[in-house]
Amino acid sequence: MKRRSFAILIVLVFGGLLTASVVFAQVRSGGRARITSDGGTTPAATPSPSPTPTPKRPSLTEETDVLKIDTELVNLNVRVVDRNGRPVNDLKQSDFRVLEENEPQRIEFFSKSEVPTNYTLVVDNSGSLRQQLDKVIEAGKILINTNKPADETSIIRFVGNDKITIEEDFTSKKEDLNEALDNMFIEGGQTAVRDAVYLAAQRITDYEKSNKIEDRVRRALVLVTDGEDRNSFYSEAQLFDLLRESDVQIYVIGFVDDLDNDAGFIRKSPKSKSKAFLEKLAADTGGRAYFPASTGELPEIARSISSELRTQYSIGYLPPNDVPAGTFRNIKVMVSDGPAGAKRIAITKAGRTAEGPTPGAPTVKKN
């Protein structure tokens, strides 16, 4: 009787170990991960062959707390260019003026030194980018290989709103990032550009909160797409509301030339609509939009984005403390002209969403 019980026990233990090893092998071989509602990641499930007939809320969609900046300061990343778009990198704090709702704000923090950058490459893998994907991967590697040791990068691949996956989460390991780019492939589906940007911006904020990333780190998305959205859950209004609450710059590489350019009497053409959307993404977040005429321009664009991410001014100011929560506040940065009246242009995000006064909190007074 004892010998039989012992044999049964051995069979049960062996079966448990076999099951665990299969699960572990599946997790290791998966490679990719999906964004989940708590900001973490899980191994990507094998896509179902049956199409989804109606748009679904993408995977990171359960109600979350409104994103808030964890500091009193409003932090601005500011690029300054001349009339020809060339960067101006030798300015002092006294050259800048910050206005919120046209009211001057006192600058409390100023720096022009390089700071670490956390950015995400968000790459469209739908059929419309079939001809460009190899060059996009090459450009992505050029950008990644300019990373400094303190920079961290993640890579998100997207098609439809059911296929938005983290190919590599935030890391400073260039070999892992390059491998994730090499594993990209074109896939059919209804492109969900807005959802991909929404989840990627949310992921950056969640990652930095969970890892207590210091506020001086610069945050950015580099979006590669044709900009034509066919099946997003989130509207443009919802996306831009989120972007105003976060502190993420968006750089766009837009392949819009192959889109239909025929417009109706009261509607924009798909090409003009997509281009306007991508330009707004960049302008509202203080980034920049590139529309290459050919894939041969991608290496230089990648180098330009890398340079712009690292040659910016960081400016912080204490905002008014009596503004109702949820109010949008316009921000403008002015910069003095150069020698002989040379025009300089400051580029930063268009505004912020006020957090509102905290009950019992002292009001900041300015001298």
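Modeller: Let us start with a term: a cavity is a set of grid points where a 1.4 Å probe fits but cannot get out, and its lining residues are those with an atom within 4 Å of a point. Please keep in mind throughout that this is a predicted model.

Biologist: How many cavities of 30 Å³ or more does a search of the whole structure find?

Modeller: The search finds 3 cavities of that size. The largest has a volume of about 120 Å³, and of the 14 residues that line this largest cavity, Leu 243, Val 248, Asp 284, Thr 285 and Lys 349 are the closest to its centre.

Biologist: What is the volume of the second largest cavity, and which residues are the closest to its centre?

Modeller: The second largest cavity holds about 90 Å³ of space, and of the 13 residues that line it, the closest to its centre are Leu 121, Ala 139, Gly 140, Val 224 and Ile 253. Two or more lining residues come from each of strand E7 (117-124), helix H2 (133-144), strand E10 (218-225) and helix H7 (298-310). The largest share of this lining, 4 residues, belongs to H2, and the lining as a whole is made up of 12 nonpolar residues, 1 polar residue and no charged ones.

Biologist: Let us turn to the rings. How many aromatic pairs are there in the whole structure?

Modeller: A search of the whole structure finds 7 aromatic pairs. To read one, look at the distance between the ring centres and then at the angle between the planes, where an angle over 60 degrees counts as edge-to-face and one under 30 as stacked, with the rest called tilted. The rings of Phe 96 and Tyr 313 have centres 5.1 Å apart and planes at 55 degrees, so this pair is tilted. Phe 96 belongs to strand E4 (residues 96-100) and Tyr 313 to strand E13 (residues 313-317), so the pair ties together parts that are 217 residues apart in sequence.

Biologist: Are Phe 96 and Tyr 313 buried or exposed?

Modeller: Both Phe 96 and Tyr 313 are buried. A further pair is made by Phe 240 and Phe 277, whose ring centres lie 6.3 Å apart with planes at 80 degrees, so that pair is edge-to-face. Phe 240 sits in helix H5 (residues 236-245) and Phe 277 in helix H6 (residues 270-285), so the parts tied together here are 37 residues apart in sequence. Phe 240 and Phe 277 are both buried.

Biologist: Which residues form one aromatic cluster with Phe 96?

Modeller: Phe 110 and Tyr 313 form one aromatic cluster with Phe 96.

Biologist: Where does a charged side chain lie over a ring?

Modeller: Arg 157 lies over the face of Phe 185, at 3.9 Å from the ring centre, and the charged end of Lys 275 sits over the ring of Phe 291, 5.1 Å from its centre.

Biologist: What should I look for in the backbone, and where is phi positive in a residue other than glycine?

Modeller: Two residues illustrate this feature. Asn 102 is not a glycine, although its phi is positive at about 70 degrees; Asn 102 is found in the loop between E4 and strand E5 (103-105) and is exposed, with a relative accessible area of 65%. Ala 340 has a positive phi near 60 degrees, lies in the loop between strand E14 (328-335) and strand E15 (344-347), and counts as exposed at 88% relative accessibility.

Biologist: How does Phe 158 compare, buried or exposed?

Modeller: Phe 158, in strand E8 (residues 152-158), is buried, with a relative accessible area of 0%. Phe 158 and Thr 191 are 33 residues apart in sequence and 7.8 Å apart in space, C-alpha to C-alpha.

Biologist: And what does the protein look like as a whole?

Modeller: There are 7 helices and 16 strands, and buried residues make up 46% of the 367 residues in the protein. Among the contacts with a separation of 6 or more, 78% join residues 24 or more positions apart.

Note on methods. Residues numbered from 1 in each chain as written. Heavy atoms only, no water. Phe/Tyr/Trp six-rings, centres within 6.5 Å; stacked < 30°, edge-to-face > 60°. Buried < 20%, exposed > 50% of the residue type's maximum accessible area, 1.4 Å probe, protein only. Lys NZ or Arg CZ within 6 Å of the ring centre and 35° of its normal. 1 Å grid on protein atoms, 1.4 Å probe; cavity = no way out; pocket = protein on both sides within 12 Å on 5 of 7 lines; lining within 4 Å. Points joined across faces, edges and corners; volume = space filled by probe spheres on them. Nonpolar A, V, L, I, M, F, W, Y, C, P; charged D, E, K, R; others polar. Contact = heavy atoms within 4.5 Å.
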